[in-house]
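Here are some exercises to work through with the structure beside you. Try each task on your own before you read its solution.

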Amino acid sequence: MQVLKFGGTSVANSENINKTVAIVKQALQKDKTIVVVSALGGTTDMLIDAVKLAAARNEEYKDKLKTIENRHLQAVRELIPVEQQGATLSLVKKKCNELESICEGAFLLQEATARTIDNIMSYGELLSSLIISARLNALQIAHQWADSRELIRTNSNYGNAVVDKDITDKTIQKYLNQNKTSLYLLPGFIAADANGITTTLGRGGSDYTAAIIAAATDAKVLEIWTDVSGMMTSDPRLVNNAKIISNISYLEAMELSHFGAKVIYPPTIQPVMNKGIPTWIKNTFAPGDYGTLIERTAESNKNSVSGISSIAKIALLNLEGTGLAGVPGTSRRLFEALSNEKINVILITQASSEFSICVGIDEANAQKAKEAVDAEFANEIAVGKVEPTTTESELSIIALVGENMKNHTGISGKMFGALGRNGINIRAIAQGSSEKNISTVIRTADVKKAVNVLHEEFFETVHKELNLFIAGAGNVGGILIEQLKQQLQFIDEQLHLNIRVIGIANSKKVLLNENGINLSGWKEQLQKCSDMSLSEYTDFIVNKNLRNSVFVDITASEQTAGCYAELLKRSISVVACNKIACSSDFKNYKSLKDLAKEFNASFLFETNVGAGLPVIGTLNDLVRSGDKVNRMEAVLSGTLNFVFNNYDGTRPFAAVVKQAQDEGYTEPDPRLDLSGKDVMRKILILSREAGHRMELDDILNNSFLPASCMEGSVPDFYKELEKHEAHFRNLHQQAANEGKKLKFVAKLENGKASVGLQHISKEQDLYHLYGKDNVVLFYTNRYVNQPLVIKGAGAGADVTASGIFADIIRAARV
């Protein structure tokens with residue numbers, strides 16, 4: 001014997017019912033079969049709505065009933081040949097008339113008791129099973145329709161009746177012995193008490209019906225046919241890459257079901273688990289798929305974790321106080337108070353100090369639970385030994401489930417580490433000694449992020465997803481996006497990193513796509529977008545709460561730099577090409593560094609100094625490895641190096657500066673480069689990274705620009721350069737007369753920093769710099785006489801974009 005149960009989606013309409021019948025015909029070729037069916041999808045909810053409307057004296061209940069009637073009559077007309085429809089149409093009409101009579105009674109009495117609601121709900125399964133029976137008859141498939149109310153005996157707890165196993169098993173066995181056939185068809189969900197009054201088996205009751213039948217008949221297998229191809233490693237509505245679990249144990253399936261897995265109903269497992277009957281979860285719409293096989297002992301699974309599940313709408317109830325410690329019976333009193341109010345405890349955690357007990361309950365019961373527990377401990381609260389209970393709502397439970405967890409160390413650490421790195425705060429933790437389940441309570445707002453983070457950690461061992469939000473779509477930003485587009489496949493294949501650009505912003509507009517922007521034609525897409533402020537953009541980033549998020553700042557905006565703190569507090573990493581934050585006052589710089597550590601986020605700014613050169617990374621490595629930087633000498637402006645390498649007095653100084661600007665080596669306002677302010681910021685950042693507490697005003701700037709050049713607009717600046725050509729020619733000539741070159745040098749020594757134009761001789765390391773090159777010399781305890789030298793292109797959009805790209809990859813590896 002085999003038992004097949006078909007859910008509401010599997011019998012939702014005539015097309016699906018035909019699929020179900022085809023599966024049943026195939027099953028009959030293997031063994032005798034008992035089929036249990038649910039109501040047509042959505043019918044039960046409509047029936048409940050109808051009777052509640054009737055009890056509220058709302059005549060819209062009639063519309064609900066008419067919709068239900070028309071839907072079932074339509075199914076009959078589509079499934080049964082015209083010449084055979086009469087009897088079934090009459091039967092459906094009769095049942096619908098009975099429904100209307102019951103609802104009329106509720107309307108007149110203005111009341112719908114639990115018993116009445118059970119009676120009303122039973123019609124969904126009765127109608128669907130009778131229609132499917134008629135379809136089988138039309139196809140001349142021999143079978144016996146049986147009323148489950150005559151087979152399954154329960155108590156009179158309407159809405160969630162408890163089955164009398166002994167009587168039910170004997171009744172089922174007796175019926176089968178007296179009615180021999182190869183195929184039986186039963187309505188699920190419904191049963192009857194000792195007086196023959198209709199009862200229901202609670203949520204997911206059709207699964208339970210099938211399991212009861214399977215256990216009573218010692219079936220070889222129970223198959224639950226639904227609209228998914230088995231139990232999954234997580235909820236596919238939350239995790240795009242959720243995978244089918246091919247084999248799982250009863251205990252694991254029970255845990256996943258309890259913690260929100262919707263494929264099966266928890267009590268379903270109990271009857272078949274006791275008998276050791278295998279249970280298949282199969283897909284009506286893809287019957288060839290393997291599905292999930294649930295057995296007493298599952299086939300070996302290489303993963304330590306079988307699945308991740310969640311329960312929403314949880315509240316935490318906290319009882320604490322010094323009067324709890326060492327007092328026997330405290331826990332009993334707490335749970336008894338909750339039990340008396342019929343409040344189920346979902347999760348329990350207690351501090352070893354015994355000063356506090358925390359329980360997780362349904363959010364809807366939070367206030368009632370607080371009142372009950374406060375009343376129980378009223379005396380202790382009155383004398384201050386116990387604090388009044390507190391409740392915390394808008395929470396959810398996330399659970400890792402797997403029998404193999406007990407054989408692997410570090411599972412909890414891996415779980416908490418993954419959540420912590422993504423800024424997900426854990427409010428409570430519970431784990432049984434069997435180690436089949438580790439449960440944590442978190443904010444409901446973090447559930448999607450948490451489930452994805454854990455799924456990536458335990459199931460996506462090959463690929464990690466990184467979500468980018470880019471601010472700044474100008475020259476460097478545009479090149480970065482093109483570099484990303486070009487390298488996405490390589491990164492996916494070689495680094496196992498799935499980079500998705502979620503947002504691209506310029507000064508006015510923001511292009512957003514939570515599923516990832518198509519980088520082909522992104523400029524055109526951005527232009528079509530509506531205006532959005534920076535605060536609206538950052539609010540979107542925070543509210544979307546995507547895992548492994550990175551904010552990339554390729555602006556020179558002080559406002560954008562001001563957003564870093566809020567993002568880091570949400571564990572959103574920041575990659576900054578923008579130098580403003582790191583060269584702001586030391587307190588802000590230090591705060592951002594500390595926030596990154598506190599909230600497990602990356603704060604990376606390699607391109608603040610030397611574009612794509614590994615200057616800051618190398619300095620960090622020196623310091624972290626215990627070396628001490630005693631002196632630095634550096635040419636840190638690719639712009640100034642380009643200018644002085646190309647100025648020889650034969651062309652106006654202004655023309656060389658304009659060339660540098662046209663070739664993309666300068667800031668939009670070249671005065672930021674030529675004034676030495678940009679170099680000051682860079683040596684300030686390096687000094688701070690070397691361990692010095694320093695402000696921008698502490699740096700001596702020996703500027704070579706006449707003061708009038710710093711006034712007015714950029715066009716005014718170029719006019720002033722032309723006026724002072726003699727000054728610039730004189731600077732060049734003095735150095736040339738000594739056989740030296742002009743270099744704008746930044747220096748740190750003895751905790752003092754300075755920047756300024758210097759004459760550099762051929763013997764010096766800074767002499768041989770060409771084009772837009774930068775060079776940094778680190779003199780340390782280890783590099784005493786021969787400095788550690790970093791040299792290369794220090795300006796240009798391509799190298800700057802590549803440096804940002806490298807920081808993005810570093811952020812992904814944290």
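For the charge exercise below, Lys and Arg count as positive and Asp and Glu as negative, while His and the chain ends are not counted. A charge is placed at NZ of Lys, CZ of Arg, CG of Asp or CD of Glu. The model is a predicted one: local features need pLDDT of at least 70, side-chain atom pairs count only at pLDDT 80 or more, and totals for chains, interfaces and linings use all residues. Residues are numbered from 1 along each chain as its sequence is written, and side-chain values use heavy atoms, with hydrogens and water left out.

**Exercise 1. Find how far apart the mean positions of the positive and negative charges are.**

Step one: count the charges, which gives 88 positive and 93 negative. Step two: compare their mean positions, which lie 2 Å apart.

**Exercise 2. Describe the overall form of the chain with its radius of gyration and its spans.**

Begin with the radius of gyration, taken over C-alpha atoms; the globule rule is 2.2 Å times the number of residues to the power 0.38. For 814 residues a compact globule would come near 28 Å, but this chain has 36 Å. Next, look along the principal axes: the C-alpha trace spans about 120 × 75 × 55 Å.

**Exercise 3. Check the length of helix α28 and work out what covers its buried residues.**

First, the length: α28 covers residues 797-813, and its 17 residues reach 25 Å from first C-alpha to last.

Second, burial: buried means under 20% relative accessible area, exposed over 50%, and partly exposed in between (1.4 Å probe, protein chains only). The buried residues of α28 include Ala797, Ile804, Phe805 and Ile809.

Third, the cover: among the elements over these buried residues are β17 (464-471), α15 (475-495) and β18 (497-505). Contact here means heavy atoms within 4.5 Å.

**Exercise 4. Decide whether Asp118 and Thr67 are buried, partly exposed or exposed.**

Start with Asp118, which lies in helix α5 (residues 114-138). Asp118 counts as buried because its relative accessibility is 0%. Leaving out residues up to four places away in sequence, Asp118 touches Tyr158, Gly159, Thr198, Thr199 and Thr200. The C-alpha atoms of Asp118 and Thr200 are 5.9 Å apart, although 82 residues separate them along the chain.

Now turn to Thr67, in helix α3 (residues 61-79). Its relative accessible area is 42%, so Thr67 is partly exposed. From the C-alpha of Thr67 to that of Glu763, 696 residues away along the chain, the separation is 94 Å.

Notes
Helix = DSSP H or I, 4+ residues; strand = E, 2+ residues; numbered from the N terminus. Expected span 1.5 Å × (residues − 1).
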